[in-house]
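Subject: Structure for you to look at

Hello,

Here is the structure I promised. Please open it alongside these notes on helix packing and aromatic pairs.

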Amino acid sequence: MRVAVSLAAVAAAYQLRLRGNATTGEEPGSNIMTPENIKKKWDSMDQFLEIMFVVGCRQKHRTDVAGEAREKMLAKKLTIAEFEKEIQDIQHRNAKELKQACGDITANGQKKCNMGCQHRWGDKMTDRVACNAKCKTAYVSFEKTCLGKVDNLKDTYETINQITKNQNKCFNNYCPEFPEVYTMEQEKAASTVDTRCEARCTDEAVEQNCEKKFTLRVDFTMATVEEKCNSESGIKQCMSEAGTTADTEDATCKSDGAKKCQDDLDACPEKDSDFCKTRKKECDVKAQEQCKKNYKATLAAEKKKCQDKEGADFDKCKTDTLKTMKDEYITKCKAEDGPTCNDNCHKKCKTEKLSECVENAKNSGTPTHDWCSYMWNFLSESSQVDKKTGDPVV
């Protein structure tokens, strides 16, 4: 389970501690501690809060982003490009939430700060008004700087994304075959690749891979197989004869059609008139169209006869030829691929170089940690109060 940390809540709690103690109802003089004990107590608390804030901040803006995107990638089977887009969407959402938090902290913090002024100064209106003015100044400055941190966060995300892209180059260059090792330490990644390659290089696995290779290339040889079987089965000769039969019938159809149209013209009372000539042309066109239909029908019928007569021999020839080709290919493929399978498999994932490349990409900076530390310093400095009066330091 990923850790969910509300940075706004941590920041608000920290400011409440510094500026809101006046609202706790503690009476002056109660639970008196020495200055040394007070300093030790709050220094320790500050250290603890800073550590928790930076850890939670890094988790939210780096680990949680990648984790959420990775879960969606596995569930939706996203591509690397879609995975990177998912990360950017989550980062955009985080920046939007931080911007909202800046406004919320300002509104709530200034209200609590004013309540602290009222509690501390009571009817001392001069001091109380001055305190309220400091609250306003402090939180106007806070909101402005906080919104600037939103822009800084966007820049930080761009740097993170560039580091991620560099890491993806490592994956593509050194281990495109086994993406499951990308998040593993080098030793475990190497062990995983050993296991995967061992499974890939059994006799059965090599044979299956050779069968896949043959299936991918068989379409390129199909024309040669069909040509061979057309000749051997007699279907080619039959098809040639079918074409001759169709051509003969087509010639007869055209001759008969032309004769009929001419006879109709001769029988026309005024054969030289435009009317009779137009009828002749229309007759010729219809005759030609009918002959085309007859030719197609005759050719299809003759080809079907060939397939019915010679088709079984053609299909058997085709099946037998492909089986022989497949057996010969797989035998040769196993002899070539089997002995080198393990070495070739390991070449597809060079875990040592992958680990070195990823580390170099990581070592190009710690933008998330740096931004979180700067954010904490900003929150800490903007929350300082005057130790004597309890008013905000502006």
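Buried here means under 20% relative accessible area. The model is a predicted one.

Aromatic pairs first. Searching the whole structure turns up four of them. One is Phe142 with Phe378: the ring centres sit 5.1 Å apart and the planes meet at 20°, so this pair counts as stacked. It joins distant parts of the chain, with Phe142 in helix α4 (residues 125–174) and Phe378 in helix α11 (residues 367–382), 236 residues apart. Both Phe142 and Phe378 are buried. Together with Tyr139, these two residues form one aromatic cluster.

Phe214 and Tyr329 make another aromatic pair, this one tilted. Their centres are 5.8 Å apart, with 50° between the planes. This pair also links distant parts of the chain: Phe214 lies in helix α6 (residues 203–233), Tyr329 in helix α8, and 115 residues separate them. Phe214 is buried, at 6% relative accessible area. Tyr329 has 22%, so it is partly exposed.

Now the helix packing. How do α7 and α8 cross? Helix α7 covers residues 235–267 and helix α8 covers residues 274–337. Their axes come within 8 Å and cross at roughly 160°. Angles over 145 degrees count as roughly antiparallel, so α7 is roughly antiparallel to α8. The crossing of α7 and α8 is right-handed. Sorted by class, the α7 contact with α8 holds 16 nonpolar, seven polar and eleven charged residues.

Best wishes

Definitions and conventions. Residues numbered from 1 in each chain as written. Predicted model: local features only at pLDDT ≥ 70, side-chain atom pairs only at ≥ 80, totals over all residues. Heavy atoms only, no water. Axes fitted to C-alpha atoms, helices over the stretch in contact; angles between N-to-C directions. Helix = DSSP H or I, 4+ residues; strand = E, 2+ residues; numbered from the N terminus. Parallel < 35°, antiparallel > 145°, perpendicular 65-115°, else oblique. Left-handed = near helix turned anticlockwise from the far one by under 90°. Nonpolar A, V, L, I, M, F, W, Y, C, P; charged D, E, K, R; others polar. Phe/Tyr/Trp six-rings, centres within 6.5 Å; stacked < 30°, edge-to-face > 60°. Buried < 20%, exposed > 50% of the residue type's maximum accessible area, 1.4 Å probe, protein only.
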